[in-house]
Amino acid sequence: GEVLDWHVEAAPATPRAAHADGLLALAWSPRGDLLATAGQDAAVRLWTAAGALAAELPQPDAWVQALTWSPDGGWLAVGCGKHLEVWDLRGPAPRSLGRLGPHASTITALAWLPEDGGLAVAAYGGVTVWPAPAGGGTWERLRGAAAPQPRHLPFKGSLLTLAVSPDGRFYATGNQDGTVHLWYAASGEDLEMTGYPTKVRELAWDPRSRFVATGGASTVTIWDMRGRGPAGSRPLVLDAHEDFVAAIACQPGGDMLASAARDGEVCLWRPMRGPDLRGRDLQAAVTLGEPAVAMDWRPDGRHLVAAGRGGRLLAFPVAR
């Protein structure tokens, strides 16, 4: 396969303790100027692209396992225990817009909806879909008459991760029972992919909604979502890791897919070869030096950030 110029620059790759007790979630803002992180220390922090601490949100009352930015970068949604909290980041200082919930259990994953600006929340028992509140389609008021009425997509089990396709057609979850569940957003019809050897915590959509990549094994399984979706199809399997996959991320505006394993190995792939899923060759690999727990691309598609179990952040510039 093609060999990419994969290298680590000294300054961006300098480790730092983002969260003293371990990091649980991270996400780049759509503009790429801020990185949001959350950890077991019950803190949410915002970092500049250069690695400086920009803000710390008032300490929540529970671990934060999930956070996600609105498409325009103006709001940050945080899963704090059983509640969903939305923060307005457009002013000089972060401002909480209030909380929604409680949900059936601790929130494990969040996803902003591309079609209406709503939010999807994963917890035990299914996905709760909160449309944007009335009154201009913003999150300015979460209580009273303006509070949105949620839609529920049931699932008898524990949901661990959630991803909405960029075109808004599908909700996908990875689950405790070693399955991946899909709902058609328009109809609520669902289907399931089984056979994973362990719980599935890793999901990532191709930015063009052509495929969804899943973990739940030492391999990365990629399902073709074109047409009616994956029913009756054979997935593409990417095999390079020796340990179980811990994180997956698709390159914004590009065709690369990054996977990170529990042993700290990060691999880079190009699953699409022309119009088809047939890119099985490993493009490049690098070792973090500690187990990986989370990963995300900067929106420019040229920088990948991986988080280690000890709370460190490592940045990798990637040449297209």
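Colleague: Ring rule first: rings of Phe, Tyr and Trp (its six-membered ring) pair if their centres lie within 6.5 Å, and planes under 30 degrees apart count as stacked, over 60 as edge-to-face and the rest as tilted. How many aromatic pairs does that rule give here?

Modeller: The count comes to 2 aromatic pairs. Mind that this is a predicted model, where local features need pLDDT of at least 70, side-chain atom pairs count only at pLDDT 80 or more, and totals for chains, interfaces and linings use all residues. Residues are numbered from 1 along each chain as its sequence is written, and side-chain values use heavy atoms, with hydrogens and water left out.

Colleague: OK, how confident is the predictor on the chain overall?

Modeller: pLDDT is its confidence in each residue, from 0 to 100. The chain's mean pLDDT is 85, and 89% of its residues reach 70 or more.

Colleague: Where does pLDDT stay under 50?

Modeller: Over residues 1–15. The model has 33 contacts (heavy atoms within 4.5 Å) beyond four places in sequence for that stretch.

Colleague: Back to the rings. Which residues are in the cluster?

Modeller: Phe 170, Tyr 184 and Trp 205, linked by ring pairs. Phe 170 and Tyr 184 form a tilted pair, 4.8 Å centre to centre with 50 degrees between the planes. Phe 170 is in strand 14 (residues 170–175) and Tyr 184 in strand 15 (residues 180–184), 14 residues apart. Strands are DSSP E runs of at least two residues, helices are H or I runs of at least four, and both are numbered from the N terminus.

Colleague: And why is Phe 170 with Trp 205 called stacked?

Modeller: Their centres are 6.1 Å apart and the planes sit at 20 degrees, so that pair is stacked. Trp 205 is in strand 17 (residues 203–205) and Phe 170 in strand 14, so the pair ties together parts 35 residues apart in sequence.

Colleague: Are Phe 170 and Trp 205 buried or exposed?

Modeller: Both are buried, and Tyr 184 is buried too. Buried means under 20% relative accessible area, exposed over 50%, and partly exposed in between (1.4 Å probe, protein chains only).

Colleague: Switching to charges. How many salt bridges are there?

Modeller: The whole structure has 9, where a salt bridge is a side-chain nitrogen of Lys or Arg within 4 Å of a carboxyl oxygen of Asp or Glu. One of them joins Glu 56 and Arg 45, with the closest N and O atoms 3.1 Å apart. Glu 56 lies in strand 4 (residues 53–57) and Arg 45 in strand 3 (residues 44–48), 11 residues apart.

Colleague: What else is in a network with those two?

Modeller: Asp 41, which is linked with Arg 45 and Glu 56 by salt bridges. Arg 45 is buried at 15% relative accessibility, whereas Glu 56 is partly exposed at 40%.

Colleague: Where do Arg 270 and Asp 255 sit?

Modeller: In loops: Arg 270 between strand 23 (265–269) and strand 24 (272–273), Asp 255 between strand 21 (245–250) and strand 22 (257–261), 15 residues apart. Their salt bridge is 2.8 Å, N to O. Here the Arg 270 side is buried at 11%, with Asp 255 partly exposed at 29%.

Colleague: Last one: which residue lies over the face of Trp 28?

Modeller: Arg 298, at 5.5 Å from the ring centre. The rule wants NZ of Lys or CZ of Arg within 6 Å of the ring centre and within 35 degrees of the ring normal.
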